[in-house]
Amino acid sequence: MALLNGLMLQIPMHPHLSDHEPHGLHMHYAPPSSRLPDRFRATTLMKLAELIVEHGLSRTGVCAADGCVRVYADTSRAGRRRFCSEPCANRTNVAAFRARRRG
């Protein structure tokens, strides 16, 4: 939480409502004069903060597949996600199945 708060303090944030096509009414988190990377960073940080507030920090993680370092957000009802994607889960499960058959 301290890391996220620190990162949010590094970016000028000025939340405001915006209404343009194709998105309709939505939030922008950085001033319109901000550089594009700063606008992306502000939005990413705010959405990550919202995710943690709504689902808790335990619902985020690093993919359990060998060699994968991608992160995921588990918004499922059960909260048991371990992989960033179905391909990573399938690859891991197939490898475990083949290892059991060999053993």
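This is a predicted model: local features need pLDDT of at least 70, side-chain atom pairs count only at pLDDT 80 or more; totals for chains, interfaces and linings use all residues.
1. For residues 59-101, UniProt lists "domain: Zinc finger CGNR", and the record in question is an unreviewed entry.

2. As to the overall layout, the protein is divided into domain 1, which covers 1-57, and domain 2, which covers 58-102. The centres of these two domains, taken over C-alpha atoms, are separated by 28 Å, and the contact between them draws on four residues from domain 1 and five residues from domain 2.

3. Between them, domain 1 and domain 2 bury about 450 Å², and 61% of this area is on carbon and sulfur atoms. On the side of domain 1, the residues that lose the most area to domain 2 are Leu51, His55 and Leu57, which together account for 87% of what that side buries.

4. What polar and charged interactions link domain 1 and domain 2? The count of salt bridges between the two domains is zero, whereas four residue pairs are found in polar contact across the interface, with both residues of each pair at pLDDT 80 or more. The residues on the side of domain 1 that touches domain 2 divide into two nonpolar and two polar, with no charged residue among them.

5. Within domain 1, which spans 1-57, the peptide bond running from Glu21 to Pro22 deserves a look, as it is cis, with omega near 0 degrees. Pro22 itself is found in the loop between β1 (16-20) and β2 (24-28).

6. Met46 has its place in helix α2, which comprises residues 36-55. Where does Met46 make contacts once its neighbours within four places in sequence are left aside? Met46 is then in contact with Met8, Met13 and Tyr29. The C-alpha atoms of Met46 and Ser34, which are twelve residues apart along the chain, are separated by 16 Å.

Terms used. Residues are numbered from 1 along each chain as its sequence is written. Side-chain values use heavy atoms; hydrogens and water are left out. Domain bounds come from an automatic or database domain assignment. Contact means heavy atoms within 4.5 Å. Buried area is the accessible area (1.4 Å probe) that two parts lose on being put together, summed over both. A salt bridge is a side-chain nitrogen of Lys or Arg within 4 Å of a carboxyl oxygen of Asp or Glu. A polar contact is a pair of N or O atoms within 3.5 Å; within protein, one must be able to donate a hydrogen and the other to accept it, and residues adjacent in sequence count only if both atoms are side-chain atoms. Ala, Val, Leu, Ile, Met, Phe, Trp, Tyr, Cys and Pro count as nonpolar, Asp, Glu, Lys and Arg as charged, and the others, Gly among them, as polar. UniProt positions are given in the numbering used here, feature names are shortened, and annotations may be inferred rather than shown by experiment. Helices (H or I, at least four residues) and strands (E, at least two) are DSSP runs, numbered from the N terminus.
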